[in-house]
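Student: I have a structure to go through. Can you test its labels against their cut-offs with me?

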Amino acid sequence: MAGYLDADIADYFALLKPRVMSLVVFTGLVGMLIAPGDIHPLTAITALLCIAVGAGASGALNMWWDADIDAVMDRTAKRPIPKGIVSAQSAAAFGATLSAASVFVMAALVDYLAAGLLAFTIFFYVVVYTMWLKRATPQNIVIGGLSGALPPAIGWAAVTGGLAVEPLVLVAIIFMWTPPHFWALALVRNDDYSRAGVPMMPVVAGGDSTRTQILVYSLALVPLGVSPLLLGFGGPLFALMSVGLGAGFLWLAVQVWRKREGDEARSAAMRLFGFSIFYLFALFASLLIERMAGLAPVAAWV
């Protein structure tokens with residue numbers, strides 16, 4: 001069996017939850033690039049690195065605190081701490097050091113507001129979500145989702161030094177996207193969460209209620225996803241993507257609601273979970289492409 005002395009860079013990198021970190025960095029990049037004004041390339045790279053490191057540090061602190069429940073869940077049992085490769089104390093020190101460093105560098109080299117938002121994001125994810133909500137209420141990922149939704153606002157603040165409607169709408173989209181995304185996975189991993197004693201919605205309210213709530217949140221998400229058009233910062237590509245992908249998201253949510261037993265139910269939930277990742281990525285990518293291509297928002301065409 002591997003021991004603490006066997007830990008290498010890859011093990012510490014795994015503590016940063018790189019897949020989650022990549023989506024956070026991407027949404028932060030979009031917030032940065034759609035913001036008015038200019039930012040020096042080195043400052044922009046510094047800001048993105050700070051967002052990445054801050055997000056990764058949050059993941060490491062999450063694994064430190066949740067080491068006991070990670071060990072009994074199939075999905076997380078192979079993480080470095082449950083496997084005995086990295087000690088919980090080392091993970092805590094690693095996460096705390098990176099958290100402080102990311103906020104300090106953001107404040108010193110980029111912008112105070114961006115640093116404050118980054119600090120709030122780390123605090124909210126680690127203390128409010130991980131230490132409090134996750135084990136206390138089935139609304140854990142609804143409220144806790146705010147931490148994962150804030151990177152577009154951090155990116156915007158890094159450029160402008162302030163906030164505006166545009167980044168807050170992007171934050172709202174991610175916030176509303178989070179419940180159907182995670183609950184679709186929780187439906188499939190219900191036994192995992194039950195065994196660990198984590199009160200995810202399917203564990204507490206049951207599969208039928210969770211499926212209804214997935215549908216309700218999806219009905220709210222789809223029009224919200226189109227709202228950048230109405231607010232004047234979404235162009236023709238975004239119009240196509242938001243309407244088409246929104247229809248796909250809603251159709252898959254209906255399938256989850258309809259199919260409640262057996263392999264069909266499991267497949268429907270996993271399809272929605274996988275598509276939800278593509279939905280968010282493609283929606284934000286369309287804004288990014290339009291800005292880089294210089295496409296005018298739809299509002300300028302009418």
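This is a predicted model: local features need pLDDT of at least 70, side-chain atom pairs count only at pLDDT 80 or more; totals for chains, interfaces and linings use all residues.

Student: What makes up the two domains?
Tutor: The domain assignment gives domain 1 as 1–163 and domain 2 as 165–301. The contact between them takes 32 residues from domain 1 and 31 residues from domain 2. Their centres, taken over C-alpha atoms, are 22 Å apart.

Student: How much area do domain 1 and domain 2 bury between them, and on which atoms?
Tutor: About 2,900 Å² is buried between domain 1 and domain 2. Carbon and sulfur atoms account for 78% of that area.

Student: How many salt bridges and polar pairs cross the interface of domain 1 and domain 2?
Tutor: The rule finds 1 salt bridge across the interface. It also finds 5 residue pairs in polar contact there, with both residues at pLDDT 80 or more. On the side of domain 1 that touches domain 2, α2 (18–33), α7 (140–149) and α8 (151–160) each supply at least two residues. The largest share of that side, 8 residues, comes from α7.

Student: Why is the pair of arginine 195 and aspartate 74 called a salt bridge?
Tutor: The closest N and O atoms of arginine 195 and aspartate 74 are 3.6 Å apart. The cut-off is within 4 Å, so the pair qualifies. The two residues lie 121 residues apart in the chain. Arginine 195 sits in helix α10 (residues 190–196), and aspartate 74 sits in the loop between α4 and α5 (88–109).

Student: Why do arginine 195 and aspartate 74 get their accessibility labels?
Tutor: Aspartate 74 has 57% relative accessibility, so it counts as exposed. Exposed means over 50%. Arginine 195 has a relative accessible area of 45%, so it is partly exposed.

Student: How do you know that arginine 260 and aspartate 208 form a salt bridge?
Tutor: Their closest N and O atoms are 3.4 Å apart. Arginine 260 is in the loop between α13 and α14, and aspartate 208 is in helix α12, 52 residues apart.

Student: Why are arginine 260 and aspartate 208 given the label they have?
Tutor: Arginine 260 has 28% relative accessibility, so it counts as partly exposed. Aspartate 208 has 43%, so it too counts as partly exposed. Buried would need under 20%.

Student: What makes aspartate 66 and lysine 134 a salt bridge, and are they buried or exposed?
Tutor: Their side chains meet at 2.7 Å, N to O. The limit is 4 Å, so the pair passes. Both aspartate 66 and lysine 134 are buried.

Student: Which residues of α13 are buried, and what do they pack against?
Tutor: Among the buried residues of α13 are Phe238, Leu245, Phe249, Leu252 and Val256. Its buried residues pack against α9 (165–188), α12 (207–230) and α14 (262–293).

How values were computed: Residues are numbered from 1 along each chain as its sequence is written. Side-chain values use heavy atoms; hydrogens and water are left out. Buried means under 20% relative accessible area, exposed over 50%, partly exposed in between (1.4 Å probe, protein chains only). Helices (H or I, at least four residues) and strands (E, at least two) are DSSP runs, numbered from the N terminus. Contact means heavy atoms within 4.5 Å. Domain bounds come from an automatic or database domain assignment. Buried area is the accessible area (1.4 Å probe) that two parts lose on being put together, summed over both. A polar contact is a pair of N or O atoms within 3.5 Å; within protein, one must be able to donate a hydrogen and the other to accept it, and residues adjacent in sequence count only if both atoms are side-chain atoms.
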